[in-house]
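Good morning, and thank you for coming. Please look at the sequence and the structure on the screen, and I shall then take you through the helices and the pockets.

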Amino acid sequence: MAQLIVRNLETHIVAALKARAAARGRSMEAEHRDILRAALDSPRRHATLKEALLAMPNVGTDRDFARARRRPRSVRL
């Protein structure tokens, strides 16, 4: 297995990792491994355009967005 060394982390990040690991009863290293696995191990499937459009809420009808028809302006020639 490979090893990973992470340098130059902000103090508050290290403290948050330490607190999270303690809350779950494991080492910081084990918590770090779990975070990396969760972020990178599972392939993320992006929604297709069709799925994104179908997920949009129904907000009205086309008539709600229709522009009012006005008489054309008069032009002097």
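At what angle do the axes of helix H1 and helix H2 cross? Please keep in mind that this is a predicted model. Helix H1 covers residues 11-23 and helix H2 covers residues 28-40. Their axes cross at roughly 100° and come within 9 Å. Angles of 65 to 115 degrees count as roughly perpendicular, and therefore H1 is described as roughly perpendicular to H2. I quote both an angle and a distance because two packed helices are described by the angle between their axes and the distance between the axes.

Which residues meet where H1 and H2 are in contact? From H1 come Val14, Leu17, Lys18, Arg20 and Ala21. Facing them from H2 are Met28, Glu31, His32 and Ile35. Sorted by class, this contact has 5 nonpolar residues, 1 polar residue and 3 charged residues.

Is Ala15 buried, partly exposed or exposed? Its relative accessibility is 44%. Buried means under 20% and exposed means over 50%, so Ala15 counts as partly exposed. Between Ala15 and Met28 there are 9.9 Å from C-alpha to C-alpha, and the two are 13 residues apart in sequence.

I now come to the pockets. The largest pocket has a volume of about 370 Å³. Its lining is made up of Met1, Ala2, Gln3, Leu4, Leu17, Met28, Glu29, His32, Arg33, Leu36 and Arg37. Which element gives the largest share of that lining? The answer is H2, with 6 residues. By class, the lining of the largest pocket has 6 nonpolar, 2 polar and 3 charged residues.

The second largest pocket has a volume of about 200 Å³. The residues that line it are Leu4, Ile5, Val6, Leu9, Ile13, Val14, Leu17, Arg20, Met28, His32 and Ile35. H1 and H2 are the elements that give two or more residues to this lining. Here the largest share, 4 residues, comes from H1. The classes in the lining of the second largest pocket are 9 nonpolar, 1 polar and 1 charged.

Thank you for your attention.

Notes. Residues numbered from 1 in each chain as written. Predicted model: local features only at pLDDT ≥ 70, side-chain atom pairs only at ≥ 80, totals over all residues. Heavy atoms only, no water. Axes fitted to C-alpha atoms, helices over the stretch in contact; angles between N-to-C directions. Parallel < 35°, antiparallel > 145°, perpendicular 65-115°, else oblique. Contact = heavy atoms within 4.5 Å. Nonpolar A, V, L, I, M, F, W, Y, C, P; charged D, E, K, R; others polar. Buried < 20%, exposed > 50% of the residue type's maximum accessible area, 1.4 Å probe, protein only. 1 Å grid on protein atoms, 1.4 Å probe; cavity = no way out; pocket = protein on both sides within 12 Å on 5 of 7 lines; lining within 4 Å. Points joined across faces, edges and corners; volume = space filled by probe spheres on them.
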